[in-house]
Amino acid sequence: MAGRELTSTRSPRVKAARRLAKRAFRRRERRFLAEGPQAVREALALDGVLTELFTTAEAEIRHQDLIAQAERSGVPTFRVSGEVMAELAQTVTPQGLLAVCAFVDVDLRAALEPQPRLVTVLAHVRDPGNAGTVLRTADAAGSDSVIFTDASVDPYNGKCVRASAGSLFHLPVVVGPRFDTLIPALKESGLTVLAADGAGKCSLDAALDKGTLSGPTAWVFGNEAWGLPDEILDAVDEVVRVPIYGGAESLNLATAAAVCLYASARAQRAGESS
């Protein structure tokens with residue numbers, strides 16, 4: 001099964017992988033860590049993305065198929081001790097499989113060239129768990145791409161990768177565009193740009209009723225605590241609020257994103273079938 005065994009946390013290979021927990025090293029090397037069998041499985045489905053695999057002896061037994069697939073693909077695979085895995089992993093209870101992967105993001109032009117129908121934009125989103133959950137939700141709702149603006153969290157942050165549950169490997173992800181150039185690019189691609197904000201004059205119900213969501217749409221979601229800045233709200237085509245029918249003060253970011261994205265997905269599919 002796994003090749004050479006690594007038992008020291010001082011191993012150069014282990015130290016090189018551990019450095020990828022820091023954003024500066026990820027950017028420099030354009031590599032990141034993906035932990036757990038789901039992430040490993042999805043990374044293996046993409047040619048050349050998984051570059052190294054670390055596994056414990058216990059995980060070798062539980063996930064023989066994944067390790068065999070990695071070895072057939074020519075991925076260097078290393079058995080490590082529990083101490084080494086604890087050093088590499090970013091979770092309290094490691095699952096025993098950890099991959100080093102190449103970045104998978106694409107540039108904005110490549111993401112918009114296929115004339116997308118649904119695009120998800122994260123602007124000033126700082127919480128990696130929320131960002132990863134929105135990425136997973138966007139994938140489930142059929143979003144054609146997810147865009148992280150320059151002021152948002154790194155999608156290769158370990159918590160974000162885990163929260164995406166493999167969706168990071170499923171759809172085009174764009175990293176780092178400035179909003180002042182992003183909005184014109186979205187509109188030039190034929191997308192109606194909507195911002196989700198609790199202070200929006202248009203409710204999601206009204207947007208559905210007047211057919212706003214049936215065409216190509218880009219949804220912009222903002223910071224968990226303070227929402228979207230005025231310059232973004234002024235630049236989009238419409239600001240839409242999710243109606244609150246009960247006593248809750250608001251919805252959290254991931255829930256609001258799920259409601260909005262699925263509303264668009266349903267409206268678009270209804271339009272295609274009519």
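Student: How many residues does the largest nonpolar core have?
Tutor: Good place to start, and keep in mind that this is a predicted model. Residues with the most contacts inside this core include Phe-32, Leu-50, Trp-219 and Phe-221. The largest nonpolar core has 54 residues.

Student: Which helix gives the largest share of this core?
Tutor: The core draws at least three residues from each of domain 1 (4-102) and domain 2 (108-273). Its largest share is seven residues, and they come from residues 253-273, helix H13.

Student: Which residues of domain 1 lose the most area to domain 2?
Tutor: Let's look at the two domains together: they bury about 1100 Å² between them, with 60% of it on carbon and sulfur atoms. On the domain 1 side, three residues together make up 41% of what that side buries. They are Arg-23, Phe-32 and Glu-42.

Student: What is Phe-32 in contact with, leaving aside its neighbours within four places in sequence?
Tutor: Phe-32 is one of the residues with the most contacts inside the largest core. Its partners beyond those neighbours include Leu-20, Arg-26, Cys-101, Tyr-156, Leu-168 and Phe-169.

Student: Which side chain meets Arg-26 in a salt bridge?
Tutor: Nice follow-up! Between domain 1 and domain 2 the count is two salt bridges. For Arg-26, the N to O distance in its salt bridge is 2.8 Å, and the partner is Asp-154.

Student: How far apart do the C-alpha centres of domain 1 and domain 2 lie?
Tutor: The domains do touch, and the contact takes 15 residues from domain 1 and 13 residues from domain 2. Their C-alpha centres lie apart by 31 Å.

How values were computed
Residues are numbered from 1 along each chain as its sequence is written. This is a predicted model: local features need pLDDT of at least 70, side-chain atom pairs count only at pLDDT 80 or more; totals for chains, interfaces and linings use all residues. Side-chain values use heavy atoms; hydrogens and water are left out. A nonpolar core is a set of buried Ala, Val, Leu, Ile, Met, Phe, Trp, Tyr and Cys residues joined through side-chain atoms within 4.5 Å. Buried means under 20% relative accessible area, exposed over 50%, partly exposed in between (1.4 Å probe, protein chains only). Helices (H or I, at least four residues) and strands (E, at least two) are DSSP runs, numbered from the N terminus. Domain bounds come from an automatic or database domain assignment. Contact means heavy atoms within 4.5 Å. Buried area is the accessible area (1.4 Å probe) that two parts lose on being put together, summed over both. A salt bridge is a side-chain nitrogen of Lys or Arg within 4 Å of a carboxyl oxygen of Asp or Glu.
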